[in-house]
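Please look over the sequence and the structure shown here. The paragraphs that follow lead through them part by part.

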Amino acid sequence: MVILYEVHDNLYVNMTNKCPCACTFCLRQTRDEMNHSGSLWLEREPSVEEVKNEFSKFDMNKYKEVVFCGFGEPTERLDDVLEVCRFIKDKYNKTIRINTNGLADLIHKKNTAPMFDGLIDIVSISLNTPNKERYLELTRSKFGIESFDAMITFAENVKHYVKEVVLSTVSTTLTEEEEKECADICKKIGVTYRIRPFED
């Protein structure tokens, strides 16, 4: 069962396969692994202790960041993720990034942004599109049309608790006008906009 895996200079953490979305473009629909990781489909969700123990198998000095990502939405297990983050900060003092769909508030039915304070350094959120109807078409979020606005609100809130918040879209999937609209959204709420390669 693959809990930790390497991508470039970073170590990725795969703690859950749960996700409230079924994105039309999601890589897990067409593959079982990333960067020769081995299958990222979990037999079961690992305990916090199991995740912590995995770190001893890796040379942590090699990695620029620890990234919570994998084949699921990390904030589905937000309390457990943050417990692992405390461990990483205390033992390795590494930069921690979480790649998320930004729907943690809908998942947990509360404002989750303050929970990130002092534990997460970078929050990278999949913006996908500047249009809420198109967003729902692409993500097929179980939370429906309110998902887009909830994601934007989360981004605006969490910037007060982490060093860097990035909203991203995938290169080649949007028109220039749509990319401009995405950039305007990010500027308005005071976060960074990034156009990323498809498999990044």
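Cys182 is buried, with a relative accessible area of 0%; buried stands for a relative accessible area under 20%, exposed for over 50%, and partly exposed for what lies in between, with a 1.4 Å probe and protein chains only. The structure holds zero disulfides, a disulfide being a pair of cysteine sulfur atoms within 2.5 Å. For Cys182, the nearest cysteine sulfur is that of Cys186, 6.8 Å away, and Cys182 is in no disulfide.

The model is a predicted one, in which local features need pLDDT of at least 70 and side-chain atom pairs count only at pLDDT 80 or more, while totals for chains, interfaces and linings use all residues. Residues are numbered from 1 along each chain as its sequence is written, and side-chain values use heavy atoms, with hydrogens and water left out.

Seven strands form an open sheet with mixed pairing, in the order 1-2-3-4-5-6-7. Strand 1 (4–7) and strand 7 (192–196) are the edge strands, and each pairs on one side only. From one strand to the next, the twist averages 25°; the angles run from 0 to 180 degrees between N-to-C directions, and the axes are lines fitted to C-alpha atoms, for helices over the stretch in contact. Strands (E, at least two residues) and helices (H or I, at least four) are DSSP runs numbered from the N terminus, and two strands pair if DSSP finds at least two bridges between them.

Strand 2 (residues 10–13) pairs with strand 3 (residues 65–68) in the parallel sense over three bridges. Within this pairing, Leu11 has Val66 of strand 3 as its bridge partner, and Tyr12 has Val67. Strand 3 also runs parallel to strand 4, to which four bridges join it; here the bridge partner of Val67 is Arg97 in strand 4.

In a regular strand the side chains alternate between the two faces of the sheet. Strand 3 is covered on both faces: Glu65 and Val67 on one side, and Val66 and Phe68 on the other, are all buried. As for strand 4 (residues 95–100), five of its six residues are buried, so this strand is largely enclosed by the rest of the structure.

What lies between strand 1 and strand 2? The loop there contains His8. His8 has a positive phi of about 55° although it is not a glycine, and it is exposed, with a relative accessible area of 68%.

Arg140 is placed in the loop between helix 4 and helix 5 (147–158) and is partly exposed, with a relative accessible area of 42%. Thr139, by contrast, is in helix 4 and is buried, with a relative accessible area of 1%. The C-alpha atoms of Thr139 and Ser126 are separated by 9.9 Å, and these residues are 13 apart along the chain.

Helix 4 (132–139) also takes part in a pocket. Together with strand 6 (164–170), helix 4 has a share in the lining of the second largest pocket, each supplying at least two residues. A pocket is an open set of points on a 1 Å grid over the protein atoms alone, with protein on both sides within 12 Å along at least five of seven lines; a cavity is a set of points where a 1.4 Å probe fits but cannot get out, and lining residues have an atom within 4 Å of a point. The second largest pocket has a volume of about 150 Å³, a volume being the space filled by probe spheres set on the points, with grid points joined across faces, edges and corners. Of the 10 residues that line this pocket, the closest to its centre are Asn128, Arg134, Leu138, Thr173 and Leu174. The lining divides into five nonpolar, three polar and two charged residues; Ala, Val, Leu, Ile, Met, Phe, Trp, Tyr, Cys and Pro count as nonpolar, Asp, Glu, Lys and Arg as charged, and the others, Gly among them, as polar.

Finally, the count comes to one cavity of 30 Å³ or more. The largest cavity has a volume of about 30 Å³, and Val13, Met15, Thr16, Phe68, Cys69, Pro74 and Val81 line it. That lining divides into six nonpolar residues, one polar and no charged.
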